[in-house]
Amino acid sequence: MTGRPIEDVDPLPSGAEKVLAVRGMFDRIAGRYDLVNRVMTLGLDVGWRRRTVCELRLPGGSLVVDLACGTGDLCTDLLDAGYRAFGLDFSHGMLIEATTSAPLAEADVLRLPLADASMDGATCGFALRNVAALSELFEETARVLRPGGRVAFLEASEPDRGLLRAGHAIYFKRIVPMIGGILSDREAYRYLPRSMAYLPPPARLVEMIDAAGFEQVERIALLGGAAQLLLGTRR
Ligand SMILES: C[S@@+](CC[C@H](N)C(=O)[O-])C[C@H]1O[C@@H](n2cnc3c(N)ncnc32)[C@H](O)[C@@H]1O
């Protein structure tokens with residue numbers, strides 16, 4: 001059972017319907033996911049992932065899980081930074097296309113197959129919009145991190161105001177689906193801008209992460225707010 005294609009679901013799906021639709025979509029676009037990412041962000045996603053890893057600020061050799069790892073780019077950056085890393089994702093298709101040498105496994109990040117307080121750190125790239133229950137992701141991440149453990153969530157965002165906001169809207173709503181259509185699957189990349197509606201505003205995201213059990217929660221806007229990095233330390 002793969003569910004209805006997510007782009008056919010209007011309004012945006014929730015709960016079990018969202019799980020099936022999201023997993024089906026990533027299984028479908030996995031083969032060209034990395035290529036479209038590079039083109040669509042003009043290669044900026046590479047630097048954003050490196051920054052994500054850098055902001056963990058954990059000692060070398062720390063054990064870090066990459067949540068919703070997809071094809072494993074963040075896992076590779078974690079290994080390059082001297083961490084012990086592995087990735088978890090529920091899309092078999094994305095895991096098959098992975099090129100990282102880090103160990104990967106199929107798992108639901110809302111039900112992590114990991115013991116309480118067993119991790120030093122966690123990263124998660126561009127997946128907040130895709131999970132069916134955001135507070136559960138934050139709580140589950142808190143559960144598996146030891147006190148003092150660090151988390152870094154990288155996600156797309158919208159610039160606050162002005163020309164940048166207008167330019168970003170045109171790029172995201174018009175150019176991205178066009179690039180996705182040429183290189184991969186137009187309908188899936190039409191979903192991308194629509195899925196921003198799942199994301200709470202920045203202040204609310206910070207509140208939710210804090211409430212899940214993190215302190216020193218901060219948000220860093222990247223490229224004028226086109227992307228965001230949410231950081232926290234496990235209480
Ligand atoms: C936009 S991709 C991001 C992949 C990778 N983190 C990156 O930085 O490119 C979102 C990923 O989230 C995964 N995902 C969404 N919900 C999930 C869940 N509940 N459990 C595991 N993986 C999930 C999808 O399968 C997909 O691989």
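Predicted model: local features only at pLDDT ≥ 70, side-chain atom pairs only at ≥ 80, totals over all residues.
Residues are numbered from 1 along each chain as its sequence is written, and side-chain values use heavy atoms, without hydrogens and water.

I then listed the surroundings: 19 residues surround the ligand, and the closest are Tyr-33, Arg-49, Ala-68, Asp-89 and Gly-125, a residue being near if one of its heavy atoms lies within 4 Å.

Next I looked up individual distances. An oxygen atom of the ligand lies 2.7 Å from an N or O atom in the Tyr-33 side chain, and for the side chain of Arg-49 I read 2.9 Å from an N or O atom to a ligand oxygen. On the backbone, a polar atom of Ala-68 is 2.8 Å from a nitrogen atom of the ligand. The protein covers 97% of the 590 Å² of accessible area that the ligand has on its own (Shrake-Rupley method, 1.4 Å probe).

Last, I turned to Glu-140, which has its place in helix H5 (residues 134-144). Glu-140 is buried, with a relative accessible area of 12% (buried means under 20%, with a 1.4 Å probe and protein chains only). A polar atom of the Glu-140 side chain lies 2.7 Å from the backbone nitrogen of Leu-112.

How values were computed
Polar contact = N/O pair within 3.5 Å; in protein donor to acceptor, adjacent residues only side chain to side chain. Helix = DSSP H or I, 4+ residues; strand = E, 2+ residues; numbered from the N terminus. Buried < 20%, exposed > 50% of the residue type's maximum accessible area, 1.4 Å probe, protein only.
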